[in-house]
Amino acid sequence: MSKRRIDHEPGYVLHTYPYKETSLIVEAFTRRFGRVALLARGARRPRSAMRGVLLSFHPLRFSWSGSADLANLRDAEWAGGVPLLGGRGLMCGFYVNELLLRLLPRDDPHESLFDVYAGALAGLASQEVSAVLRDFEKRLLAELGYAPLLETDAASHPIDPERLYSYEPDRGPVPANGSRAGQVVVSGRTLLDVAAGDYARAETRDEARILMRVLIGERLHGQSLHTRSILMELNEL
């Protein structure tokens with residue numbers, strides 16, 4: 001089992017849960033090491049220096065040592081302020097965190113995704129959340145090696161914005177036939193809008209939400225997302 005000592009690594013808290021009487025296990029997303037599990041000994045004690053620091057959605061710098069499976073968190077410090085998330089933006093932040101927890105393997109670096117995540121948090125605090133979520137989902141899938149096919153169909157023909165397409169997760173878009181039962185049908189315009197990151201059209205937002213839900217679901221292999229049911233009630237997912 002490999003041992004290592006890391007100092008002042010940029011990262012974010014994705015989730016924490018109690019460990020024994022006074023400690024926490026911290027699931028963190030870091031720039032150079034991806035998702036890591038850290039044991040914060042005594043972090044639940046009233047006088048712990050880390051008690052008010054290990055919060056989600058704030059840039060931190062982590063220092064830890066030990067094995068890659070569960071290292072000992074030695075220190076966590078603030079690394080700058082960010083706009084606070086609230087309302088739907090806050091719930092969408094929890095959804096983004098849950099996606100990373102479910103889809104990213106531990107100790108697998110994703111430096112470009114780290115920057116995408118930081119940008120998504122900033123966007124959720126100040127922008128239309130549906131566009132931020134769709135862009136994050138698209139880029140997360142691409143980072144995992146499942147980039148959605150958006151500008152050509154499954155036969156490598158350019159997408160026609162005037163046509164309807166049935167999106168098959170394992171193949172990509174194919175021209176829709178007469179029977180659409182059980183199919184994810186999106187317009188060519190929506191596919192091109194998603195490729196360009198343009199969510200100005202209400203139809204694009206609606207169809208992109210359904211499309212990304214299906215594509216993310218394929219990668220979850222039947223796992224359910226706790227945050228999704230809440231956000232669906234808010235009409236954001």
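Histidine 8 is partly exposed, with a relative accessible area of 42%. That value falls between the two cut-offs, because buried means under 20% and exposed means over 50%. Histidine 8 belongs to strand β1. Its phi is near 55 degrees, a positive value in a residue that is not glycine. Most residues other than glycine have a negative phi. The model described here is a predicted one.

Now the whole chain. The protein chain has six helices and eight strands. Read along the sequence, they follow the pattern β-β-β-β-β-α-α-α-β-β-β-α-α-α. Along the principal axes, the C-alpha atoms fill a box of roughly 65 × 40 × 25 Å. The chain has 237 residues, and buried residues make up 45% of them. Consider the contacts between residues at least 6 apart in sequence: 56% of these join residues at least 24 apart.

Strand β4 covers residues 60-67, and strand β5 covers residues 71-78. These two strands pair in the antiparallel sense, over seven bridges. Tryptophan 64 takes part in this pairing, with leucine 73 in β5 as its bridge partner.

Next, look at threonine 30. This residue sits in strand β2, which covers residues 23-30. Is threonine 30 buried or exposed? Its relative accessible area is 0%, so threonine 30 is buried. Leaving aside residues up to four places away in sequence, threonine 30 touches Glu9, Pro10, Gly11, Val36, Phe62, Trp64 and Phe114. Its side chain also has a polar atom 3.3 Å from the backbone nitrogen of phenylalanine 33.

Phenylalanine 33 leads on to the aromatic residues. The structure holds six aromatic pairs. One of them joins phenylalanine 33 and tryptophan 64, with ring centres 5.6 Å apart. Why is this pair called edge-to-face? The planes stand at 75 degrees, so the pair is edge-to-face; the cut-off for that class is over 60. The two residues come from distant parts of the chain, 31 residues apart. Phenylalanine 33 is in the loop between β2 and β3, and tryptophan 64 is in strand β4. Both partners are buried: phenylalanine 33 has a relative accessible area of 15%, and tryptophan 64 has one of 1%.

Phenylalanine 57 and phenylalanine 94 form another edge-to-face pair. Their centres lie 5.1 Å apart, with 65 degrees between the planes. Phenylalanine 57 counts as buried, because its relative accessibility is 9% and the cut-off is under 20%. Phenylalanine 94 is partly exposed, at 34%.

Phenylalanine 57 also recalls histidine 8. Phenylalanine 57 is not a glycine, yet its phi is positive, at about 75 degrees. Histidine 8 has its positive phi within strand β1. Phenylalanine 57 has its own in the loop between β3 and β4.

Two further ring features complete the tour. Which residues make up the aromatic cluster? Tyr12, Phe29, Phe114 and Tyr117 form one aromatic cluster. Phe114 is also among the residues that threonine 30 touches. The other feature involves a charge. Arginine 219 lies over the face of tyrosine 146, at 3.8 Å from the ring centre.

Key: Residues are numbered from 1 along each chain as its sequence is written. This is a predicted model: local features need pLDDT of at least 70, side-chain atom pairs count only at pLDDT 80 or more; totals for chains, interfaces and linings use all residues. Side-chain values use heavy atoms; hydrogens and water are left out. Helices (H or I, at least four residues) and strands (E, at least two) are DSSP runs, numbered from the N terminus. Buried means under 20% relative accessible area, exposed over 50%, partly exposed in between (1.4 Å probe, protein chains only). A polar contact is a pair of N or O atoms within 3.5 Å; within protein, one must be able to donate a hydrogen and the other to accept it, and residues adjacent in sequence count only if both atoms are side-chain atoms. Contact means heavy atoms within 4.5 Å. Two strands pair if DSSP finds at least two bridges between them. Rings of Phe, Tyr and Trp (its six-membered ring) pair if their centres lie within 6.5 Å; planes under 30 degrees apart count as stacked, over 60 as edge-to-face and the rest as tilted. A charge sits over a ring if NZ of Lys or CZ of Arg is within 6 Å of the ring centre and within 35 degrees of the ring normal.
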